[in-house]
Every structure is written in structure tokens, then in C-alpha cells.
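I opened this model to look up its helices, its surface and its aromatic rings. My notes follow in the order I made them.

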Amino acid sequence: MTAIVGEASQVAPVDKWSLGLVAIFAVNFLGERPTLRYWGGIGMVAGGVLLLALKR
């Protein structure tokens with residue numbers, strides 16, 4: 001068997017974006033009410049994801 005080798009930096013933004021999607025789904029479908037501090041953390045992660053994605 002041969003291994004497929006790729007750049008992990010291409011996968012990282014997609015992996016981290018899942019956190020933002022989970023937060024959005026939790027609010028929309030589960031009725032969660034996150035605090036401002038929680039949204040701040042999600043915003044920082046999303047900003048980091050955008051920096052990683054746009055760095056190319």
C-alpha cells in the first residue's frame with residue numbers, strides 16, 4: 001500500500017471551523033444561549049481559521 005501524503009495545514013482550517021458550526025447548530029436547533037464570553041471565544045477561533053485559510 002502507498003500512503004497519501006498531503007499538507008496538514010490545508011486540513012486544519014476545516015477541522016477548526018467545525019467548532020463554529022457546532023455553536024451555530026446548538027443555538028439554532030438545541031436552543032442553547034451562550035454567554036458573551038463564549039461567543040468571544042468562538043469569534044477568536046473563527047478569526048484564526050480565516051487567517052489560516054486566507055494566508056495562502
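**Cut-offs first.** I call a residue buried under 20% relative accessible area, exposed over 50%, and partly exposed in between, with a 1.4 Å probe and protein chains only. Gly41 has a relative accessible area of 28%, so I logged it as partly exposed. The model is predicted: local features need pLDDT of at least 70, side-chain atom pairs count only at pLDDT 80 or more, and totals for chains, interfaces and linings use all residues. Residues are numbered from 1 along each chain as its sequence is written, and side-chain values use heavy atoms, with hydrogens and water left out.

**Overall.** I looked up the secondary structure and found two helices and zero strands in the protein chain. Helices here are DSSP runs of H or I with at least four residues, strands are runs of E with at least two, and numbering starts at the N terminus. Of the 56 residues in the protein chain, 14% are buried.

**Helix H2.** H2 has 19 residues. I checked its span: 26 Å from first C-alpha to last, close to the 27 Å expected at 1.5 Å a residue. The expected span is 1.5 Å times one less than the number of residues. Which residues of H2 are buried? I found Ile42, Ala46 and Val49. Down the axis of H2, the buried residues fall within an arc of 55°, so they line one face of the helix. The arc is taken from the directions from the helix axis to the C-beta atoms. On the other side of H2, Leu36, Arg37, Met44, Leu51 and Leu54 are exposed.

**Glycines.** Gly41 sits in H2, and Gly20 is in H1. Gly20 counts as buried because its relative accessible area is 12%. I took the C-alpha separation of Gly41 and Gly20: 9.7 Å, at 21 residues apart along the chain. For Gly20 and Ile42, 22 residues apart along the chain, the C-alpha separation is 6.1 Å.

**Nonpolar patch.** Trp17, Leu21, Ile24, Phe25, Phe29, Leu30, Tyr38 and Trp39 make a nonpolar surface patch of about 840 Å². Patch residues have over 30% relative accessible area and no salt bridge; like charges are joined within 9 Å, nonpolar side chains (Val, Leu, Ile, Met, Phe, Trp, Tyr) within 5 Å. A salt bridge is a side-chain nitrogen of Lys or Arg within 4 Å of a carboxyl oxygen of Asp or Glu. Which helix gives the largest share of the patch? H1 does, with six residues. H1 (8–30) and H2 (36–54) each supply at least two. Ile24 lies in H1 and is partly exposed at 39% relative accessibility.

**Aromatic pairs.** How many aromatic pairs does the whole structure hold? My search found two. Phe25 and Phe29 form a tilted pair, 5.7 Å centre to centre with 35° between the planes. Rings of Phe, Tyr and Trp (its six-membered ring) pair if their centres lie within 6.5 Å; planes under 30 degrees apart are stacked, over 60 edge-to-face, the rest tilted. Phe25 and Phe29 are both in H1, four residues apart, about one turn of the helix. Phe25 is partly exposed at 45% relative accessibility, whereas Phe29 is exposed at 64%. Tyr38 and Trp39 form an edge-to-face pair, 6.1 Å centre to centre with 70° between the planes. Tyr38 is partly exposed at 38%, and Trp39 is partly exposed at 33%.

Methods:
Accessible areas come from the Shrake-Rupley method with a 1.4 Å probe; for residues, only the protein chains shown count as cover.
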